[in-house]
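Please open the model in your viewer and keep the selection panel at hand. The stops below are meant to be followed in order.

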Amino acid sequence: MFVKNLTGILRQSYSYVAAQNELSERLSLSVRSAGEFFCDLTYCTERRGMKQFLLLYTISGEGELFYHAKSYDLRERSVMLIDCDYPQIYRTKQDFWHFYYVHFTGTAAEALTKKATEGEKFAFYPECGKEIRELLENILKCKDILLPSESLKGCIMMEQIFQEILKTEETGAAEQAPLQNAIDYIHWHYAEKISLEELSKLALLSKFYFIRQFKRYTGSTPAEYLRAYRIARAQILLKTTPLSVEEIAAKVGYENASSFIRVFRSSIGCTPEFFREG
């Protein structure tokens, strides 16, 4: 396992680690650790190879997730759900980020996480966000659930969280399918000029309604999503190829290097050259 934590976790933050026993290892969902973090702009976690799953709920501020070659904005009321065995980076995006989190395992953890994140939707805004926040607060209030003798309480609350997520996913599946067509188009054609008209036609929606539904589904406007996807692809090229910044800019859809560098710095907080060397 590789874990890299930088500074930036403020003093009022706290977390708990659960003691594990034979019962907790056999539960469908087992809370391994939970906490509430208040983070400044310097906070960043980079990790891979951790045999656990992570659910993170943003209370205020804004974070950013880099996962499976994509970038996701983590804004107020968003839910992040990932398998920590895969490489991931999440960090404060603006000045401040406040969130709840739970690391969990269990016999059903992998299957439920895959079901809830179908279509590579690892950060989303479920209609049940209020209910999820309340359940997470109950987990954090009931510290005794981290004891082996009380681990079943944590399992029940985590199962309730997944019930809320999956219920929302099933209800909105028909509505989300046309939007997924537009997202897939961005993934295939991100290096080309993409117009709002093209995307709204793919989703069979008017431009105004498409923008509203797209943001509800992804947490970003179409323009923000396209920009984040281009920058995520650029990060991969910077780390894995010897291509120049000018060549990478062209490959991810920018007409010139200067505009690419400006957007990259605004999104990541450093120049492409600095990112490559880091």
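Over the ring of which residue does the charged end of Lys239 sit? Select Lys239 together with Phe275 in this predicted model: the charged end of Lys239 lies over the Phe275 ring, 4.9 Å from its centre. For another arrangement of this kind, select Arg230 and Tyr254, where the charged end of Arg230 is placed over the ring of Tyr254 at 5.6 Å from the ring centre.

Phe264 and Phe260 have the most contacts inside the largest nonpolar core, a set of 31 residues. To display the elements that each give two or more residues to this core, select helices H5 (173-189), H7 (207-218), H8 (222-240), H9 (245-251) and H10 (257-268); the largest share, seven residues, comes from H8.

Then turn to the aromatic residues, for which a search of the whole structure gives 17 pairs. Selecting Phe37, Tyr43, Trp97, Phe99 and Tyr101 brings up one aromatic cluster.

Finally, go to Ser206, in the loop between helix H6 (196-202) and H7. Ser206 counts as partly exposed because its relative accessibility is 45%. A polar atom of the Ser206 side chain lies 3.3 Å from the backbone nitrogen of Tyr209, whereas the C-alpha atoms of Ser206 and Gly253, 47 residues apart along the chain, are separated by 25 Å.

How values were computed: Residues are numbered from 1 along each chain as its sequence is written. This is a predicted model: local features need pLDDT of at least 70, side-chain atom pairs count only at pLDDT 80 or more; totals for chains, interfaces and linings use all residues. Side-chain values use heavy atoms; hydrogens and water are left out. A nonpolar core is a set of buried Ala, Val, Leu, Ile, Met, Phe, Trp, Tyr and Cys residues joined through side-chain atoms within 4.5 Å. Buried means under 20% relative accessible area, exposed over 50%, partly exposed in between (1.4 Å probe, protein chains only). Helices (H or I, at least four residues) and strands (E, at least two) are DSSP runs, numbered from the N terminus. Rings of Phe, Tyr and Trp (its six-membered ring) pair if their centres lie within 6.5 Å; planes under 30 degrees apart count as stacked, over 60 as edge-to-face and the rest as tilted. A charge sits over a ring if NZ of Lys or CZ of Arg is within 6 Å of the ring centre and within 35 degrees of the ring normal. A polar contact is a pair of N or O atoms within 3.5 Å; within protein, one must be able to donate a hydrogen and the other to accept it, and residues adjacent in sequence count only if both atoms are side-chain atoms.
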